[in-house]
Amino acid sequence: MFKMISSPHTHSGKLTARVMFWVILAMIPAIILQIYYFGFGVLIQSALAIGLALLLEWSVSLLRKRPALSDISDFSVILTALILAVAIPPYAPYWIILIGTFCAVILGKHVYGGLGQNPFNPAMVGYVVLLVSFPLQMTTWMPPIALLAEPPTFHDAALLIFSGLTSDGFSLHQLTASIDGITQATPLDTVRTFYSSASSCITDAICSEAAFYELTNLPIFTQNGWDFAQGWWQINLAFLLGGIFLILKKVIHWQIPVAMLGSFTLLSLLTELFGNGAHLTAPAQLFSGAMMFGAFFIATDPVTSSITPRGKLVFGVLVGSLLYLIRFYGNYPDGVAFAILLSNICVPLIDHYTRPRVAGHRK
């Protein structure tokens with residue numbers, strides 16, 4: 001009476017290329033803001049990363065005797081390259097993004113068998129390799145270009161990336177010297193330096209209140225929540241709005257970002273209540289660094305995150321907890337990449353203990 005066919009009986013319509021396209025589209029507002037605040041270096045780094053990523057994907061597909069055009073057309077390698085390009089300093093030397101892209105595509109993806117087989121987020125693999133290997137280049141960030149006496153043009157941005165000097169012969173350090181050397185780190189680096197100095201100055205009579213006043217009133221750094229750092233919280237807000245868009249489009253699920261941000265916020269509030277106060281407030285933490293970027297665009301990677309509903313919550317809590325430990329007690333001021341990679345290791349175990357019970361099965 002009935003035609004017997006094998007499952008699945010329906011298709012969600014979520015093709016890989018379509019999912020990747022929506023994620024890239026949701027990143028565009030934040031990328032535009034990055035260009036507005038930090039200059040054209042973001043565009044140049046993105047172009048370099050995407051170009052090399054496509055070349056590597058094509059080459060590996062040919063070596064594996066796979067349809068190269070099909071592998072490239074799913075946009076996954078473009079998204080990986082774009083995430084990595086957005087994560088690194090806009091004016092890092094060109095070889096930084098090339099090494100990172102190679103590690104992301106080859107070591108983070110294809111050594112495991114390609115898309116769907118990789119246990120770690122490829123972009124974060126490339127980022128961590130760069131951060132551990134080249135800490136100076138990876139922590140040299142340009143302050144908002146509105147603070148510079150002569151903001152670099154597109155031509156100067158390209159020269160800075162490829163030669164280290166502008167057309168007038170200025171290096172990145174010289175361009176920012178008129179503001180303050182500390183602005184070459186991210187605001188999270190500045191905060192860590194400030195509070196470390198504050199704790200040491202408790203018994204050091206050399207430190208003066210004037211020095212602290214000067215530090216905390218830099219254009220890129222104030223201690224009051226929303227004005228914490230010019231450009232940074234706006235970019236995080238753009239990533240938040242892009243993430244909400246992806247949830248509404250059902251491209252990603254809400255469990256991971258909500259669990260990650262919720263667990264981090266809870267631990268941060270507890271630290272504010274019972275700690276020594278030598279940290280940023282919870283709102284400032286949430287809208288600084290790569291918090292929103294990591295919560296909505298990196299941790300939600302369907303290949304390297306948990307696939308069960310309860311597992312997504314556990315995974316998100318694990319990422320948020322590890323991020324809290326790294327930011328508050330570790331040596332790295334941000335730590336999103338490390339928290340996500342460490343959580344990726346636990347995904348098989350999480351899925352094993354959170355998978356739904358099969359109908360008719362009893363414990």
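At roughly what angle do the axes of helix α4 (residues 76-87) and helix α5 (residues 94-107) cross? In this predicted model, the two axes come within 10 Å and the crossing angle is roughly 140 degrees. Angles over 145 degrees would count as roughly antiparallel, and α4 and α5 are therefore oblique to each other.

**Confidence of the model**

- The protein chain has an average pLDDT of 81, and 78% of its residues score at least 70.
- Among the elements of the protein chain, α5 has the highest mean pLDDT, at 95, whereas helix α11 (residues 209-216) has the lowest, at 42.
- For residues 200-228 the pLDDT lies below 50, although this stretch has 43 contacts in the model beyond near neighbours in sequence.

**Helix α4 against helix α5**

- The crossing in which α4 passes α5 is right-handed.
- On the α4 side the contact is made by Val 77, Thr 80, Leu 84 and Ala 85, and on the α5 side by Ile 97, Gly 100, Thr 101, Ala 104 and Val 105.
- Sorted by class, the residues of this contact between α4 and α5 comprise 6 nonpolar and 3 polar residues, with no charged residues.

**Helix α5 against helix α6**

- The axes of α5 and α6 (residues 122-133) come within 7 Å, crossing at roughly 135 degrees, and these two helices are therefore oblique to each other.
- The crossing of α5 and α6 is likewise described as right-handed.
- From α5 the contact draws on Ile 96, Ile 99, Gly 100, Cys 103 and Ala 104, while α6 contributes Pro 122, Ala 123, Val 125, Gly 126, Val 129 and Leu 130.
- The contact of α5 with α6 contains 9 nonpolar and 2 polar residues and no charged ones.

**Helix α4 against helix α6**

- The axes of α4 and α6 come within 8 Å and cross at roughly 35 degrees, and α4 passes α6 in a right-handed crossing.
- Thr 80, Ile 83, Leu 84 and Ala 87 of α4 make this contact with Pro 122, Ala 123, Met 124, Gly 126, Tyr 127 and Leu 130 of α6.
- Here the residues divide by class into 8 nonpolar, 2 polar and no charged.

**Segments annotated in UniProt**

- An unreviewed UniProt entry lists residues 20-37, 43-60, 72-88, 124-142, 231-248, 280-299, 311-330 and 336-354 under "transmembrane region".
- In the model, residues 20-37 are 100% helix and 0% strand, and the C-alpha atoms at the ends of this segment are 26 Å apart.
- Residues 336-354 are also 100% helix and 0% strand, with 24 Å between the end C-alpha atoms.

Key. Residues are numbered from 1 along each chain as its sequence is written. This is a predicted model: local features need pLDDT of at least 70, side-chain atom pairs count only at pLDDT 80 or more; totals for chains, interfaces and linings use all residues. Side-chain values use heavy atoms; hydrogens and water are left out. Axes are lines fitted to C-alpha atoms, for helices over the stretch in contact, and angles run from 0 to 180 degrees between N-to-C directions. Helices (H or I, at least four residues) and strands (E, at least two) are DSSP runs, numbered from the N terminus. Angles under 35 degrees count as roughly parallel, over 145 as roughly antiparallel, 65 to 115 as roughly perpendicular and the rest as oblique. A crossing is left-handed if the near helix is turned anticlockwise from the far one by less than a right angle, and right-handed if clockwise. Contact means heavy atoms within 4.5 Å. Ala, Val, Leu, Ile, Met, Phe, Trp, Tyr, Cys and Pro count as nonpolar, Asp, Glu, Lys and Arg as charged, and the others, Gly among them, as polar. pLDDT is the predictor's confidence in each residue, from 0 to 100. UniProt positions are given in the numbering used here, feature names are shortened, and annotations may be inferred rather than shown by experiment.
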